[in-house]
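Have the model open beside the text as you read.

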Amino acid sequence: MRVGILGTGDVGRALGRAFAQLGHQVKMGSRDANNEKGKAWAAENGPAASTGSFAEAAQFAELSVLCTLWSGTENALRLAGSQNLAGKVLIDATNPLVFTPGAPPALALGHTDSGGEQVQRWAPQSRVVKAFNTVGHAHMFKPQFPGGPPDMFICGNDGGAKTTVTGILTAFGWNTIDTGGIKGARLLEPMCILWVLYGMRTNTWNHAFKLLRK
Ligand SMILES: NC(=O)c1ccc[n+]([C@@H]2O[C@H](COP(=O)([O-])OP(=O)(O)OC[C@H]3O[C@@H](n4cnc5c(N)ncnc54)[C@H](OP(=O)(O)O)[C@@H]3O)[C@@H](O)[C@H]2O)c1
């Protein structure tokens, strides 16, 4: 598959590396097609990895992954171009975080709205699936935990898109839990805050969520 990674940060580079390792063609997009982090990432990931602008990555891709700082996400989607994302699966890995020095991150919106819903409004013709937002980037691919594979909670309005993303998550080493429509992001985004607060309290960053059932 041709995959567009919209973002050159830790998440974009980790997910881009994972897709390339699984044999996909991956183009990483940025505000600057010559972004140094993007170029270094492409050099490390072989001929299947390339870089470009946000628009070039979105146009290239059959499926894109949104991995941008929340405050830049609307702009990144505008630069990617709605026509380049129309009809395609858009995995939303962002969290709508606001940062205050000396304090844990907080959510910019919630309860009656979510980042996932906002992303779907910004990219109305895309098939948005929230995923990868409830774990740190170091564990997004082939997570290894003593209790077995953790669970990735996803949500989105398009059933076919969620089936595609579930297949990707299986290849990435996750069990998937579909929580319903994109409104579910109102619950999945606070899970990121829980993940971060537990990390800050324990100074450990090797945890992931799992739903126990019987
Ligand atoms: N870090 C984690 O472990 C983790 C885990 C789960 C979810 N998340 C979420 O995933 C997202 C990415 O996190 P990250 O830590 O990898 O990277 P990040 O530093 O939050 O974001 C980097 C990306 O944001 C883009 N960006 C910043 N300001 C922009 C603007 N004004 N307009 C357009 N684009 C802009 C940058 O573009 P350029 O390439 O042009 O610089 C870059 O590609 C965030 O929403 C974060 O909350 C992070």
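## The pocket and its surroundings

Helix H4 contributes the most to the lining of the largest pocket, giving 4 residues. This is a predicted model, so please read what follows with that in mind.

Three helices each supply at least two residues of that lining: H1 (10-21), H4 (70-80) and H8 (185-202). The lining of the largest pocket comprises 32 residues, and those that lie nearest its centre are Gly9, Val11, Cys67, Thr68 and Leu69. The volume of this pocket is about 800 Å³. Sorted by class, its lining has 15 nonpolar and 14 polar residues, along with 3 charged ones.

Now step back to the chain as a whole. Its secondary structure consists of 8 helices and 10 strands. The radius of gyration is 16 Å, close to the 17 Å that the globule rule gives for 214 residues, so the chain is as compact as a globular protein of that length. Along the principal axes, the C-alpha atoms fill a box of roughly 40 × 40 × 35 Å. Of the 214 residues, 51% count as buried. The chain exposes about 10100 Å², with carbon and sulfur atoms supplying 54% of that area. If you take the contacts between residues at least 6 apart in sequence, 70% of them join residues at least 24 apart.

Is Glu189 buried or exposed? Glu189 counts as buried because its relative accessibility is 1%, and the cut-off for buried is under 20%. Leaving aside residues up to four places away in sequence, Glu189 touches Asn95, Pro96, Leu107, Ser114, Gly115, Gly116, Lys130 and Asn133.

Most residues other than glycine have a negative phi. His111 has a positive value, near 65°, and Phe132 likewise has a positive phi, of about 70°.

| Residue | Phi | Loop | Relative accessible area |
|---|---|---|---|
| Phe132 | about 70° | between strand E8 (127-130) and strand E9 (151-156) | 1% |

Phe132 is buried, since its 1% is under 20%.

Technical notes:
Residues numbered from 1 in each chain as written. Predicted model: local features only at pLDDT ≥ 70, side-chain atom pairs only at ≥ 80, totals over all residues. Heavy atoms only, no water. 1 Å grid on protein atoms, 1.4 Å probe; cavity = no way out; pocket = protein on both sides within 12 Å on 5 of 7 lines; lining within 4 Å. Points joined across faces, edges and corners; volume = space filled by probe spheres on them. Nonpolar A, V, L, I, M, F, W, Y, C, P; charged D, E, K, R; others polar. Rg over C-alpha atoms; globule rule 2.2 N^0.38 Å. Buried < 20%, exposed > 50% of the residue type's maximum accessible area, 1.4 Å probe, protein only. Contact = heavy atoms within 4.5 Å. Areas by Shrake-Rupley, 256 points an atom, 1.4 Å probe, with all protein chains shown as cover.
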